[in-house]
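Please keep the sequence and the coordinates in view while reading.

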Amino acid sequence: MSTPQERFAQLQLVLPTPPAPKGLYKPLLVVDKLVYVSGHGPVRTDGSLIIGKAGLEMDKEEAKLAARQVGLTIFSTIVANLGSLNAIRRVVKVLGMVNAAPDFGPHPYVINGCSELFAQVWGQDLGVGVRSAVGMGSLPENITVEIEAIFELA
Amino acid sequence: MSTPQERFAQLQLVLPTPPAPKGLYKPLLVVDKLVYVSGHGPVRTDGSLIIGKAGLEMDKEEAKLAARQVGLTIFSTIVANLGSLNAIRRVVKVLGMVNAAPDFGPHPYVINGCSELFAQVWGQDLGVGVRSAVGMGSLPENITVEIEAIFELA
Amino acid sequence: MSTPQERFAQLQLVLPTPPAPKGLYKPLLVVDKLVYVSGHGPVRTDGSLIIGKAGLEMDKEEAKLAARQVGLTIFSTIVANLGSLNAIRRVVKVLGMVNAAPDFGPHPYVINGCSELFAQVWGQDLGVGVRSAVGMGSLPENITVEIEAIFELA
């Protein structure tokens, strides 16, 4: 049996530096056995943000990659605050918010970019929680995706 | 004293088939005494979706009926996963998201379509939780309403 | 050591009357040690609402003041339901929703209007939780900001 951190290592992906909060909030907070994670944007490994409205400035494939990058950014916050991805037992809840044109439709496809990453690391059962995937009128600095999540501690 | 399931039966409403997830998520997840329910859309009993933007392609009365249909769709997920509406003790939290024109205003009126149904089944105290009712720029496949919820187990 | 209620008194701010729900929901619900607070709008002390889209009908400074007014409105609901701001031990989670033009960017700056108030009352550690700050396509009655929150009981 491999651990979440070992499964992540096998993906050979690079984490961005965990972003400093853009306002007055904590990136992550543990209350009893639940881990609350703030809304994260798609931070590249060079520190830049993936920006642009889905359905307008980028297509659903590019937006899905942005959601995957949000997942990696959340990983960086978990590792920085809890030491390793092994600190998480399961995904409880994901709110996936896509910065989208008014007629955009495939929000679930986009947010799968993050959800598939979570499932690869924590497994098809524990790595999959409840979720909403919805379209926002705007997001900070025009980032393409913002995702907040609740996890359960290991 | 009637049960929630008995009170639902008295309404003589028909549940849709619980929808399969449109992405990588669970429709419902129990963590300790809380029941987390994914964002649900308005699924008709024939399996089709109620679509269209409130304030643009449909008025507030039609949108309220869509929110009621979301409530029925959530019921179908609860029954499929927990056996009966009696498995729920109380409504804790509802996030009601309306796919609306930028100048739409009566979001609370629309989401009442779901909240009134919950109150009929679980009662005016236990069937009423906290809530936000807000307007999204877009929703998956242009559905009119998406609602996620947290309940407490009986 | 001053209490949250004493620190609020030192700010010499006036609370609005706690608003009656605009639909079928409770303003606040306690489940075990968590306090769930419904989405609140910016209610002035005269009972009127601060309305208008950020980036269109008002700038980011005015929108930040609206977010601060939402914080005061949440305070009024806490005091009305739990007796005092001392009933809250810590801020767990804030969802800050800005009614914004599609090209609006400084959502975190706006929501800081509420978060700074929370930090003044409950302190830089306990008064700061996780947060998402995002842009909605529309909000009820065209209010500028709606915020829902989860707190931990003292």
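In chain A, strand S3 (residues 88–99) and S4(A) run parallel and are joined by seven bridges. Within this pairing, A:Gly96 stands opposite A:Ala133 of S4(A). The model is a predicted one, in which local features need pLDDT of at least 70 and side-chain atom pairs count only at pLDDT 80 or more, while totals for chains, interfaces and linings use all residues. Residues are numbered from 1 along each chain as its sequence is written, and chains are lettered from A and ligands numbered from 1 in the order in which they are written. Strands (E, at least two residues) and helices (H or I, at least four) are DSSP runs numbered from the N terminus, and two strands pair if DSSP finds at least two bridges between them.

The pair belongs to an open sheet of five strands in chain A, with mixed pairing and the order S1-S2-S5-S3-S4. Strand S1 (28–31) and strand S4 (130–136) of chain A each have a single partner strand, so one side of each is left without a neighbour in the sheet. From one strand to the next, the twist averages 15°. Helix H2 (residues 60–82) of chain A lies across S1, strand S2 (34–40), S3 and strand S5 (145–153), running at about 40° to S5(A); axes are lines fitted to C-alpha atoms, for helices over the stretch in contact, and angles run from 0 to 180 degrees between N-to-C directions. Contact here requires C-beta atoms, placed from the backbone, within 7 Å.

Seven of the seven residues of S4(C) (residues 130–136) are buried, that is, 20 or more other C-beta atoms lie within 10 Å of their own, with C-beta atoms placed from the backbone. C:Val130, C:Ser132, C:Val134 and C:Met136 cover one side, and C:Arg131, C:Ala133 and C:Gly135 the other. C:Ser132 is the bridge partner of C:Leu95.

How are the chains related to one another? Chain A can be laid on chain B with an RMSD of 0.0 Å by a turn of 120° and a shift of 0.0 Å along the axis, the relation of a three-fold axis. In chain A, the C-alpha nearest that axis belongs to A:Gly137, at 2.5 Å. Superposition is by least squares on the C-alpha atoms of residues with pLDDT of at least 70 in both copies. Only 7% of the interface residues of chain A are also interface residues in chain B, so the copies meet through different surfaces.

Notes:
Two residues are in contact if their C-beta atoms, placed from the backbone, lie within 7 Å. A residue is buried if 20 or more other C-beta atoms lie within 10 Å of its own, exposed if 12 or fewer, and partly exposed in between; C-beta atoms are placed from the backbone.
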